[in-house]
Amino acid sequence: MTDYTPQQIVARGARADAEAAADAIDNHPGLEGATYSILEEDEDKGLWRIDAFPTTDEEDAGLLEVLAGYPLKVVRETLADADWLAMALSGLPPVRAGRFFVYGMHDRGRLPASTVNLRIEAGAAFGTGHHGTTVGCLQAYDKLIKARKFKKVLDVGAGTGLLAIAAARTGSKIAVGTDIDKPSVRISKENAKVNRANARFVHASGLSNRLVTDNAPYDLVFANILARPLISLAQDIKTALVPGGTVILSGLLRTQERMVKAAYVSRGFKVVNRIHRDAWAALVLQRP
């Protein structure tokens, strides 16, 4: 087996086609861990763009196969032999979401005085704060904590640990994060240490890990993953919440919002808020 040469795949086209292709990527069994983003590139022209960064030959081939099924213009470039993710992040601007200011090491010299400043270094994990799903979660959380505090918080699919760290930095006594990706857990722990946040992270699939169950039930659950896992975890998330507890769901496209919402409403959840950013949606629901 040879080392994979990093590639960037860019697909451009109409919004409906780009969203349909992104939905197909989400639902492809071989692309569950694929890293990609979707955004509006040119509002006047109605042009949307998918950026994908495969990490294996299989992901590369799978992404190209999926994208070929839609009327999108696809280009593929070999990235320089360097730490391309670090290079990309060095050019990313900091993100403001309500009271939260998310920044990388390269922006440490220009931090606002009136915000909760969170330094997040992504490494090989997802969730720098730039993606529409993560920003939506932070915006939703910021609005919620204007009215109340959440003593115990669970972050399912923690990525860089940003959401659990944000909770710990704003008064949560217990903040637990899980991820199915071992590097993400390591990076989350490093980010918690950098931010002096009392947040703990564990490598786990689902909500059955002892660290998760020992601290249940939770007042708030973040689940920023994918549409299908959000649906399959609906009952487990309900069980993990206190009665009247809140869940913030994201990682879903607007086109997937209805089916995800249905899985929770059928279990008695009430929709409290929804946030749309680019093609993505975040749902805030309250447990009965």
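This is a stop-by-stop tour of a predicted model.

**Stop 1**

Select residues 36–42, strand E2, and 73–78, strand E4. These are the edge strands, and each pairs on one side only. The open sheet has four strands, in the order E2-E3-E1-E4, with antiparallel pairing. From one strand to the next, the twist averages 20 degrees.

**Stop 2**

Show helix H1, residues 15–27. H1 packs on the sheet and touches strand E1 (7–14), E2 and E3. Its direction makes about 175 degrees with that of E2.

Next, show helix H2, residues 57–67. H2 also packs on the sheet, touching E1, E3 and E4. The direction of H2 makes about 10 degrees with that of E1.

**Stop 3**

Move to strand E11, residues 218–224. What share of E11 is buried? Seven of its seven residues are.

Color strand E8, residues 152–156. Four bridges join E8 to E11, and they run parallel. Strand E12, residues 241–253, is joined to E11 by six bridges, and this pair runs parallel too.

Center on Leu220 in E11. Val153 stands opposite Leu220. In E12, the bridge partner of Leu220 is Thr246.

Step back to Pro217, in the loop between helix H7 (210–215) and E11. The peptide bond from Ala216 to Pro217 is cis, with omega near 0 degrees.

**Stop 4: the largest nonpolar core**

Select Tyr141 and Ile248. Within the largest nonpolar core, of 36 residues, these two have the most contacts. Helix H5, residues 162–169, supplies the largest share of this core, seven residues. Apart from this core lies another, of 29 residues, among them Ile225, Ala234, Val260 and Ala281.

Return to Tyr141 and show its surroundings. Beyond its neighbours within four places in sequence, Tyr141 is in contact with Phe100, Phe150, Ala166, Ala167, Thr170, Ser172, Leu220, Phe222 and Ile248.

Then look along H5. The helix is mostly covered, with seven of its eight residues buried. The buried residues include Leu162, Leu163 and Ile165, along with Ala164, Ala166, Ala167 and Ala168. After H5 comes Gly171, with a positive phi near 110 degrees.

**Stop 5: Ala282**

Go to strand E14, residues 280–286, and pick Ala282. Is Ala282 buried or exposed? Buried, because its relative accessibility is 1%, under the 20% cut-off.

Which residues does Ala282 contact, leaving aside its neighbours within four places in sequence? They are Gly136, Cys137, Leu249, Ser250, Asn273, Arg274 and Ile275. Now draw a distance from Ala282 to Gln139. Their C-alpha atoms are separated by 9.4 Å, although the residues are 143 apart along the chain.

**Stop 6: Arg196**

Finish in the loop between helix H6 (182–194) and strand E10 (199–203), where Arg196 lies. Arg196 is not a glycine, yet its phi is positive, near 50 degrees. Why does Arg196 count as exposed? Because its relative accessibility is 79%, over the 50% cut-off.

Key. Residues are numbered from 1 along each chain as its sequence is written. This is a predicted model: local features need pLDDT of at least 70, side-chain atom pairs count only at pLDDT 80 or more; totals for chains, interfaces and linings use all residues. Side-chain values use heavy atoms; hydrogens and water are left out. Helices (H or I, at least four residues) and strands (E, at least two) are DSSP runs, numbered from the N terminus. Buried means under 20% relative accessible area, exposed over 50%, partly exposed in between (1.4 Å probe, protein chains only). Contact means heavy atoms within 4.5 Å. A nonpolar core is a set of buried Ala, Val, Leu, Ile, Met, Phe, Trp, Tyr and Cys residues joined through side-chain atoms within 4.5 Å. Two strands pair if DSSP finds at least two bridges between them. Axes are lines fitted to C-alpha atoms, for helices over the stretch in contact, and angles run from 0 to 180 degrees between N-to-C directions.
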